[in-house]
Amino acid sequence: MTTETAAAKDLAAWRAEIRQWLSANVPRDLVGARPLTSPEVLERRRAWERVLYDNGYAAIHWPVEYGGKGMGAAHRMIFQEEYERASAPPRLNIQGLMLVGPTLMQHGTPEQRSRWLQPILRCEEVWCQGFSEPEAGSDLAALRTSARVVGDRYVINGQKIWTSGATYADWMFALVRTDPDAPKHRGITAVLIDMRSPGIEVRPIRQINGRRTFAEVFLDDVEVPVANTVGEMGDGWNVAMSALVLERGIGRRSYVKYLPLLQELRHLAIASGGADDSATLEELGWHVMQVCRYRHHVGRTIAESSDGRFGPEASLNKLFWSEMEAAIYETGMRLHALATATGTEPALSERYPLWEADYWHARATRIFAGSNQIQRNIIAERVLGMPKEKR
Amino acid sequence: MTLSYGSDATSTELAAGLSDVLSAKCDLDHVRRVWSEGEFDRSLWDEVSSLSFWGALIPEADGGLGVRSEDVVRSLEEFGYSGASLPLTETVAVVVPTIHRFADDEMRDRLLPGLLSGASVSTAAVMPGGTVALFADVADVALVAAEDGLYVLERDQFTVEPVHSPDPTSRLGRIKPRPDAFTPHARLGEGALDEARLRAVWATAAVLNGVSRRMLDLTVEHTKQREQFGRAIGTFQAVKHLAADAWVAVESSRPCSWYAAYAHQEGLPDAAVAASVAMASASDAARLVGDSALQLHGGIGFTWEHPLHFWLKRGKLLEHSYGSRQFHLRTLGVAIRDEQAGSEALFADV
């Protein structure tokens, strides 16, 4: 029924509807507002999320019964393309909308769905993801944060790290170890933790670009109801794996996100006097090619997914865009340095610090959400069927 | 409309029909024989001709199959995958549809029946500044680019000088028109050259992606069989990562040739950009896949006996036919220099 509803709506009409609505409603003062996580900007971003909700655009991919539009991947991608074309503010509750909500729909109890889904949709509760730990990065299953069952509660101790949005999140979707004696993939449980709980301390991490978008989260005797378990106790690894496919999958970024970056490279190449140099032309052409490849890879994946679900091929998506993005920023660093040296366009110099900060961030994308080396392992083993290595 | 990227029934059925014939008649022994004997593979040519494949892109009323450009992309991949040595790309994707659209009635009536039946073999030399063509010495009909447009030359109007290429079975040769060959009558209508070029580029990109897929499959198979240190070498991450990157390269290139054919068929403003993207990415992928394939095969890949080199050399030929990677990247660089990044000439709305 869901798919039929979505298919019935013509894609071009949908694009036109979204384009028009966004151009009339995206708050101009939020476009390019920095820093994105200052209390004042956060407040305006919450208000914008509320506007999206009021107009039915908060989570178009969610089933109708949970307040979405039940739209499939093709409609979602069009929404994402138009959202990025309109330079609309980054979605505030990505983890809630893309990860926690769909995971609760798949693994949660009816009580959990009625408790948490609506507040995610209305952006009343913002979520962060608590998977990584200092000793559990690529080897996620090595995580140590312990959850002891005491009566109807867990008592949780440990540390999470690289948590995006931890400073303002209301809830954390976390993996904890409930059985220290089980094989390492078996003793893990997925729990929902109230970030206001006593015993939680959040320490922002100052990153190489000076920003503080990630944090460490310390948990010291934090009490969480056992009722906040997602899926079975001890089955958290499977819950997390289905969630990670969502995190790496299609629908979160379109090629349109890269058009302003290509435009900036173009501008820099012209300003630095390199636009007639054939090496620079080939380099610019290479980035155009990569962005087109990303676009059509995404389009192909959507065309081939009959039920809106994606398999290990999702690893290509994350691997491709993160490498592409890092390469674009790399060229930009060269052209910025060149444009600075020639000094022809002072306005460009003002953009340089922001480009540099984004450049370092683009390097992080090769590591987060499963490092690109892990993505290559997944492709080799699950797509190409190469033999598993003992790990 | 949702773009199918070749997952639709027309594309897959056409590709399956061609693939059935190619896998039955063009196994490894057959490929080896063609490489060692040095003769044009007339028997396989006749087999494919019996499928009525050559007219795939012209209307049924004119003796074709009437499918759209993008519907042959999967078939072209299967052809590249098979290792067959035929002017298949040129015939189905370039010569037949270009003559059908741009030739006058007399020329169409004279040439098309032979081209459709397979009685005539054809080729195309359509890129700027070059007159070399694949299968030049066996071509009865050749499309040849000149400064003022595209000409159709018949066998007695040109001679052929063989030139070196990594893949002798593709019979690369320089087409040397006789002095009186470029007559007004032999010249195709306005726009024929651009059209033929676009077609040759996206179609060759699709074939090259098929070549890359075959190299990758051979390589992955090898890493599962070959043991060192007491285990299959495919167990090692150093090997896995090369294979994974090769897979990413070819899988991210394949949808680009489909889209380029689609953009061309639809007359989208980004058709020229899409063709260059298709060819540059297919070349990128072929180079990466070929490098990793040879590396991961180790010593055995360097033997004449192992079949890998047939596809390596086919890839190396196609990488530099119909515009090199650099040529197409510069084309794209010029496109973004001269247009805004968000313009429809680079990224058309679909």
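These legends walk through several close-up views of a predicted model.

**View 1. Where chain B meets chain A.** Welcome to the interface between the two chains, where 56 residues of chain B are in contact with 50 residues of chain A. Together the chains bury about 4,500 Å², with 64% of that area on carbon and sulfur atoms. Look for Trp247(B), Arg337(B) and Phe347(B): these supply 16% of the area that chain B buries against chain A, more than any other three residues.

**View 2. Charged and polar pairs across the chain interface.** Ten salt bridges are found between chain B and chain A. One of the pairs to look at is Asp284(B) with Arg293(A), whose side chains meet in a salt bridge at 3.7 Å, N to O. Polar contacts join in too, with 24 residue pairs across the interface of chain B and chain A, both residues at pLDDT 80 or more.

**View 3. The helices on the chain B side.** Four helices of chain B each supply at least two residues of the side that touches chain A: H7 (192-225), H8 (237-266), H9 (271-297) and H11 (325-338). H8(B) gives the most, with 17 residues. Sorted by class, this side of chain B has 27 nonpolar, 15 polar and 14 charged residues.

**View 4. An annotated span in chain A.**

**View 5. Domains 2 and 3 of chain A.** Chain A is divided into domain 1 (2-92), domain 2 (127-234) and domain 3 (249-383). The centres of domain 2 and domain 3 of chain A, taken over C-alpha atoms, are separated by 31 Å. Five residues from domain 2 and eight residues from domain 3 take part in the contact. The area buried between these two domains is about 540 Å², and carbon and sulfur atoms give 60% of it.

**View 6. A closer look at the domain 2 side.** Ser138(A), Asn209(A) and Arg211(A) are the ones to find here, supplying 65% of the area that domain 2 of chain A buries against domain 3 of chain A, more than any other three residues. Arg211(A) also meets Asp358(A) in a salt bridge between side chains, at 2.9 Å, N to O. The count between domain 2 and domain 3 of chain A is one salt bridge, and two residue pairs are in polar contact across the interface, both residues at pLDDT 80 or more. By class, the domain 2 side has two nonpolar, two polar and one charged residues.

Notes. Residues numbered from 1 in each chain as written. Chains lettered and ligands numbered in written order. Predicted model: local features only at pLDDT ≥ 70, side-chain atom pairs only at ≥ 80, totals over all residues. Heavy atoms only, no water. Contact = heavy atoms within 4.5 Å. Buried area = accessible area lost by both parts, 1.4 Å probe. Salt bridge = Lys/Arg side-chain N within 4 Å of Asp/Glu carboxyl O. Polar contact = N/O pair within 3.5 Å; in protein donor to acceptor, adjacent residues only side chain to side chain. Nonpolar A, V, L, I, M, F, W, Y, C, P; charged D, E, K, R; others polar. Domains from an automatic or database assignment.
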